[in-house]
Amino acid sequence: MSNQDIRRIDIRRFVAQAARQEQFLEVVGRDEAEARFRRHLDLTPKGAETVPLGAALGRVLAADVVAEVDVPGFDRSSVDGFAVRAADTQGAGEDTPVVLRLNEEVLSAGRVPALTVAPGTATVLATGGMLPRGADAVVMVEHTESHEEGDALLVAIRKPVVPGAFVAAAGSDIGRGETVMRRGQLLTSREIGVLAAIGRAEVSVVRRPRVAILSTGDEIVAPGEPIRPGAVYDSNAAILAAAVEELGGEPVRLGIARDDEAELAPLVEQGLACDALLLSGGTSKGAGDLSYRIVSRLTDPGIVAHGVALKPGKPLCLAVTKGKPVVILPGFPTSAMFTFHEFVAPVLRALAGLPPAAKESVDATVPMRLGSERGRTEYVMVSLVRGADGGLAAYPLSKGSGAVTAFSAADGFIAIDPQAEAVEAGTPVSVQRIGRDTRPADLIVIGSHCVGLDAITGRLVGEGLTVKTLNVGSMGGLAAARRGECDVAAIHLMDPKSGEYNRPFLTPALGLVTGYRRLQGIVFRKGDVRFEGKTAEEAGLAAAQDSDCILVNRNAGSGTRILTDRLLGAARPTGYWSQAKSHNAVAVAVAQGRADWGVAIESVATLYGLGFLPLQAEHYDFVIPNDRRDRRAVQRFLAALADPAVREKLTALGFTVPEAE
């Protein structure tokens, strides 16, 4: 057979195939194509690996990160100055300075104090230095003047301070046992800094899915090579490789295959060794059909859709083998990238351990008539322009599916119904934004922090919900709920008069949801005979009368402070005005000997190896504004709270979970 005869056969085959569209098994709708594709895919992340912290940037966490240390790990000074007892500075002024005797040590950063700050004394303390026992505040050096009298070193203080002044409390940034990062979180420079602050030298991350990328076609030329008539540079491979990296994957570039089955088949086989295979390009000599013929040999189940009723992107071919995606993308760049982001990108995000991408839509109008082809959902790339009335106009980027710049230049796209022949000028449309995620959190929780709350919200985050949690204490959370600033307020407030928790603080606009019970009690260093073998009431009253027994108190407005005041009555023991802002900070102060006792929850005492005298089971409950209760995110929060797996985890953390209401 002559070359001329071969060419004529090729022509007849191409014309017949194009006329009958034999290359498409069945043209299906977009949603049906996606459903078929997803049905057979294994979307679980591709395992985990441990990498050095220096190599973790841009990776995805494979497991929650729980702090094993407090940050800071001790009460430290935030200024250069003098560690003092705040009570000793009262009445100080420019004309009436308070004079204190200096202890014979200088506490620079990294040095452990050896001397107690007794009444009437002070210790030189540098920025970052550890606060010594007895001290509860720092006076800035600018407000002092040092001098000698005989053998004594003295400091004159010209401005009073309150307890806690210029002191960064232990655990005030991060508390031991706190979940600081969640599985699936992308590690940026900020997260790297947090990991370093808690001492992590390595981190477990999701293995990047390996995605093979193969361009096909005699007309395709690699960038950098001389171009010839009829040829095009291979832009798809570069775009796809970059997109794969953006999605947390590892591109495996297989290069360009000519329209030759003997060359294409082994490259496809090589690509199947990866976690996913993407082919694109190659329309001359029916090469798209050649790619299809090779992919059609796959099984389990093989091709699930070939031809999708959308524009651009009709030639899309979706296949699955052994749970892996195999996709033949259209050759034209806009078609290739649109179908990639619609069908492939969500799959790669799942394989990389990332949550589904948030989609943002904005309202706009089309300023001109848009014709459309009936029978296919048409996606039109648009550029948004704000009009004189402040509204947005969506101008179509009419560059066609073969344009390289249409996708990159678009602000978003609109979808035209397959039954519509046109969209008239002035029609309101919804524009789905591209590459932007400004959606606010799905659920906002404000109030008292607890590791039990972490267990609940962690479940929601694992389900793809975005959650913002602000730890401002019970009173702060209650105030936020009253103002309508949150979906859920976490509180544990006891009414001093009735002893009842939380309910007395509600208003008619707020509802209460039962949470769980936390056992509060006195924490102390094991072996301290002042506490061992006593009840909490006995130990507390005795300690309040012992001036050498230092209390670390909680901040005013906290539920624990209310409970502590009820225990002490009118007594104001040594350390009463020292206010720690968390249970962890109380435990650290006691464990490190800067205080001798405090009130905290049992789970924290266990975490720090402290003794514990039970005082009272407090109610850690949730306040929800009535007008927010029907919100989907709130309903999911309530469902998580009632979930047996979450309740079991709360029990394992040491909390008592009442029977579901």
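Keep in mind that the model is predicted. The protein contains 16 helices and 36 strands. Its radius of gyration is 34 Å, well over the 26 Å that the globule rule gives for 661 residues, so the protein is more spread out than a compact globule.

**Overall build**

- Along the principal axes, the C-alpha atoms fill a box of roughly 115 × 55 × 55 Å.
- Of the 661 residues, 50% count as buried.
- Among contacts with a separation of 6 or more, 73% are between residues 24 or more positions apart.
- The protein exposes about 30400 Å², and carbon and sulfur atoms supply 52% of that area.
- There are 71 positive and 79 negative charges, and their mean positions lie 5 Å apart.

- Helix H16 spans residues 644-652, and its residues Val646, Arg647 and Leu650 are buried.
- What do the buried residues of H16 pack against? Their partners are helix H9 (451-462), strand S32 (510-524) and helix H15 (632-642).
- On the face turned away from the buried side, you will find the exposed residues Pro644, Glu648 and Ala652.

- Threonine 44 lies in the loop between helix H2 (30-39) and strand S1 (48-52).
- With a relative accessible area of 44%, threonine 44 is partly exposed.
- Threonine 44 and glycine 353 are 309 residues apart in sequence, yet 7.7 Å apart in space, C-alpha to C-alpha.
- Beyond its neighbours within four places in sequence, threonine 44 is in contact with Ala350 and Leu351.

- As background, most residues other than glycine have a negative phi, and most peptide bonds are trans.
- Valine 71 and proline 72 are joined by a cis peptide bond, with omega about -10 degrees; proline 72 is in the loop between strands S2 (65-66) and S3 (76-77).
- Another cis bond runs from aspartate 300 to proline 301, with omega near -5 degrees, and proline 301 is in strand S18 (residues 301-306).
- Lysine 322 has a positive phi of about 55 degrees and sits in the loop between strands S20 (317-321) and S21 (324-329).
- Asparagine 502 has a positive phi too, near 70 degrees, and belongs to the loop between strand S31 (488-491) and S32.
- Are these two buried or exposed? Lysine 322 counts as exposed at 71% relative accessibility, whereas asparagine 502 is buried at 0%.

Definitions and conventions: Residues are numbered from 1 along each chain as its sequence is written. This is a predicted model: local features need pLDDT of at least 70, side-chain atom pairs count only at pLDDT 80 or more; totals for chains, interfaces and linings use all residues. Side-chain values use heavy atoms; hydrogens and water are left out. Helices (H or I, at least four residues) and strands (E, at least two) are DSSP runs, numbered from the N terminus. The radius of gyration is taken over C-alpha atoms; the globule rule is 2.2 Å times the number of residues to the power 0.38. Buried means under 20% relative accessible area, exposed over 50%, partly exposed in between (1.4 Å probe, protein chains only). Contact means heavy atoms within 4.5 Å. Accessible areas come from the Shrake-Rupley method with a 1.4 Å probe; for residues, only the protein chains shown count as cover. Lys and Arg count as positive and Asp and Glu as negative; His and the chain ends are not counted. The place of a charge is taken as NZ of Lys, CZ of Arg, CG of Asp or CD of Glu.
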